[in-house]
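Please open the model in your viewer and keep the selection panel at hand. The stops below move from one chain to the other, and each says what to select and what is found there.

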Amino acid sequence: MRRGLLILIVFATLISTFLVAEQVELKFLHRWPDPINQPFLENVVKDFEALNPDIKVNIQAISNDPFKEKIKIVLGTSEAPDVFFTWPGEFTNRFIRAGRIMDITDALVETGWIDDFVYSQLEPFMYEGRFYGTPYRIDAKVFMYNRLLFEKAGVDFVPETWEEFLVACEKLKKAGITPIAFGNEQPWAISHYIGTLNQKSVPEDVWLKDLDPAKGTWDHPGYVEALKMFTQLIPYFSQFPNAIKHAEARANFFAGGSAMMYVEIVEIPYVYRDAPVEFQENWGMFVFPNTGGPGNQNYLTGYPEGFVISADTKYPEQSLRFLKYLTGREVGRREYAEVGYLNGIKNLFDEDEVDPGTWDAVQLVMKAEAMANWLDSSLHARIWDVYSVQLQMLVDGVTTPEKVMQEVRKAADRVRAEF
Amino acid sequence: MILVFVYLPIVQNFYFSLFKMSSYSPTKQFVGLANYRMIFEDDVFYISLKNNTLYAVISVICQVGFGMLLAIILEGSFIGRKLKVFFRNVYFMPSLLSVTAVGLMFYFIYNPNIGLLNGILELIGLGDLKTAWLGNPKTAIYAVIAMSQWQYTGYIMVLLLVAIQKIPHEQYEAAEIDGASSFNKAIHITIPGIRDMIVVCTVITVIGAFKLFTEIYVMTQGGPYNSTQVLGTFMYRAAFAYDEMGYGSAIAVIIFAITFLASLVQIRFAYKGNN
């Protein structure tokens with residue numbers, strides 16, 4: 001009896017030692033160290049670990065701007081995370097070119113995993129015909145507006161064209177209401193306006209060629225036209241845009257300080273979290289007005305954000321398992337319920353399962369012919385460096401659209417010469 | 001140890017400055033002195049250099065000059081002992097705070113809509129002077145510099161105070177017997193007596209001015225449109241925001257050369273004065 005027990009203990013010890021030895025540790029890096037997203041992702045990881053006892057996931061979170069800097073450094077070291085957050089487009093493509101991100105095309109296609117996703121949300125993770133990541137949250141830019149302030153100013157229509165938009169702005173201004181809340185201390189905010197206007201003002205083939213750092217010449221007159229249209233909005237913006245953060249402008253907009261704001265649909269949860277009840281009951285949204293330019297007017301500015309796997313991971317199979325779980329249906333449903341985001345999985349919800357604002361936003365995304373990537377993350381870093389500085393100057397009225405594009409062209413020429 | 005942790009990285013940094021390389025790419029391309037040529041062709045470099053120099057000049061005047069004045073007043077006989085201790089602590093306290101925390105505090109003070117500064121201006125009838133202090137390229141760098149003066153003048157004052165306390169008291173007694181005024185005592189006894197410490201404080205302040213980084217990073221990140229870039233943020237931006245590690249290393253070499261030269265000049269100047 002005692003001998004049998006001893007054998008059993010030795011056997012159990014050997015098995016557990018074997019199991020422990022088999023457990024692998026994955027490094028997971030994301031960009032949401034805030035009190036809402038961080039606990040959510042910690043719970044996702046705990047649940048994944050419970051389902052996959054052979055994997056332990058170590059989480060690290062770094063906020064938005066420092067993330068952009070840190071990821072470049074860690075990818076060059078042996079401490080690169082196995083699974084990490086990224087913005088598709090040039091931000092990711094440079095890492096792909098340097099061989100730092102794993103190609104997951106075979107895993108997606110051969111197992112039918114690809115069919116889980118809304119294709120338009122997965123496509124941005126494709127580079128030269130191969131897939132490198134999966135979407136974690138979808139995003140797009142829309143104008144959010146305050147119905148009460150529109151009524152007060154006698155704006156009884158939702159602007160669909162650029163001319164109507166300017167008329168609405170003028171009526172609001174005459175009624176003593178700031179038409180548009182705008183916080184551009186960090187110039188990604190203006191990049192969303194200019195990215196949209198560029199896409200709508202320049203023929204699609206030219207616009208796509210110019211986004212490629214190896215080919216972009218930026219000499220189409222549509223870019224100057226886009227900036228001229230933007231300058232028409234400057235008198236309607238809230239005061240001191242270059243000194244105000246986007247979040248500060250949004251808080252002012254929620255409080256009734258201005259009538260409209262160009263926001264991302266991932267900001268809709270803030271309406272229900274932060275805005276006064278009066279605003280929650282009286283807001284609406286509309287897509288960027290038709291400018292009548294030669295670009296496709298049915299595009300929506302915005303791109304999904306997602307996760308990729310390091311090409312240097314020692315555990316590709318386990319990393320894929322984690323990626324599939326992280327960006328899958330089960331986490332997607334919880335993600336909406338707990339943090340308010342939607343991932344890229346098909347038919348994730350029925351209309352009665354989500355708030356009307358989110359439902360409307362998703363319909364806008366689905367109706368769009370295609371998505372136009374954010375200007376700042378689709379440009380080569382050195383072109384964006386010049387563009388962003390020039391755009392802030394344009395907001396302050398110390399430069400002209402022509403001069404802005406002259407500087408952008410110079411930067412693009414320098415970058416192109418290196419390819 | 002010093003060789004490995006201090007001098008080797010300096011040499012290595014110079015070596016890296018001769019390459020075009022990114023942090024995540026396994027290859028690097030030798031470009032000789034091209035990174036240095038690019039620096040001298042970059043307008044932002046001259047804005048940064050101007051801002052660092054401006055910061056150094058204002059800091060020497062305010063922190064060392066005004067700090068010395070405060071130290072002389074607080075060591076003078078016309079303030080009671082309790083008040084002396086109180087003011088010493090009041091002036092010294094800001095230097096104990098984290099630069100990041102102070103930066104954030106001033107960020108809110110300078111806020112154009114809810115900031116204290118614009119509120120006070122409005123209150124005292126100077127509403128016309130209201131501006132976006134950190135968003136206006138004409139005022140942003142001065143707003144950051146002002147914060148540093150608020151934080152560090154007390155620190156320099158304490159260093160000078162300690163030096164003043166070491167001056168033999170007999171010198172002051174002799175001067176008083178000769179009928180010297182407080183002003184004359186300060187000019188002929190105190191200032192010559194703390195000359196070495198003034199040089200040390202000036203060196204600390206100038207080197208600090210050229211190593212400036214956190215204040216700018218927290219408050220303006222070099223904006224609006226590069227008007228508040230300094231060499232530290234210029235280097236950081238090149239290396240970490242734009243993946244130009246070789247370019248960043250070249251900027252670091254220039255910062256090293258400037259601070260090294262500035263220290264040499266000041267120390268040589270001080271020695272000459274002593275001789």
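Begin with chain B as a whole, where, among contacts between residues at least 6 apart in sequence, 70% join residues at least 24 apart; two residues are in contact here if their C-beta atoms, placed from the backbone, lie within 7 Å. This is a predicted model, in which local features need pLDDT of at least 70 and side-chain atom pairs count only at pLDDT 80 or more, while totals for chains, interfaces and linings use all residues. Residues are numbered from 1 along each chain as its sequence is written, and chains are lettered from A and ligands numbered from 1 in the order in which they are written.

**Chain B**

With chain B still selected, its C-alpha atoms fill a box of roughly 75 × 55 × 30 Å along the principal axes. Chain B has 13 helices and 2 strands, where helices (H or I, at least four residues) and strands (E, at least two) are DSSP runs, numbered from the N terminus. Of the 275 residues in chain B, 36% are buried; a residue is buried if 20 or more other C-beta atoms lie within 10 Å of its own, exposed if 12 or fewer, and partly exposed in between, with C-beta atoms placed from the backbone.

Next select helix 4 (residues 81-92) and helix 7 (residues 140-165) of chain B, which pack at an angle of about 135° with their axes 7 Å apart. Axes are lines fitted to C-alpha atoms, for helices over the stretch in contact, and angles run from 0 to 180 degrees between N-to-C directions. Helix 4 and helix 7 of chain B are therefore oblique to each other, given that angles under 35 degrees count as roughly parallel, over 145 as roughly antiparallel, 65 to 115 as roughly perpendicular and the rest as oblique. Show the side chains of Arg88(B), Tyr91(B) and Phe92(B) in helix 4, which meet residues of helix 7 including Thr153(B), Tyr155(B) and Leu161(B). By class, this contact of helix 4 with helix 7 of chain B has 6 nonpolar, 2 polar and 1 charged residues, where Ala, Val, Leu, Ile, Met, Phe, Trp, Tyr, Cys and Pro count as nonpolar, Asp, Glu, Lys and Arg as charged, and the others, Gly among them, as polar.

**From chain B to chain A**

Now display both chains and look at their contact, which takes 19 residues from chain A and 15 residues from chain B. On the side of chain A, helix 3 (64-74) and helix 19 (381-395) each supply at least two residues, and helix 19 gives the most, with 6 residues. The residues of this side of chain A divide into 9 nonpolar, 4 polar and 6 charged.

**The two domains of chain A**

Colour chain A by domain: domain 1 covers 13-139 + 303-348 and domain 2 covers 141-301 + 376-418, with bounds that come from an automatic or database domain assignment. Their centres, taken over C-alpha atoms, are separated by 31 Å, and the contact takes 9 residues from domain 1 and 9 residues from domain 2 of chain A.

**Two sheets of chain A**

Select the open sheet of 5 strands in chain A, which has the order 2-1-3-12-6 with mixed pairing; two strands pair if DSSP finds at least two bridges between them. Strand 2 (55-61) and strand 6 (133-137) stand at the edges, each with a single partner strand, so one side of each is left without a neighbour in the sheet. Strand 1 (residues 24-30) and strand 2 of chain A pair in the parallel sense over 7 bridges, and within this pair Leu26(A) stands opposite Val57(A).

Strand 9 (residues 258-264) is mostly covered, with 6 of its 7 residues buried. Strand 7 (residues 141-146) pairs with strand 9 in the antiparallel sense over 5 bridges, whereas strand 8 (residues 178-181) is joined to strand 9 by 3 bridges and runs parallel to it. Centre the view on Met260(A) in strand 9, which has Tyr145(A) opposite and also Ile180(A) opposite.
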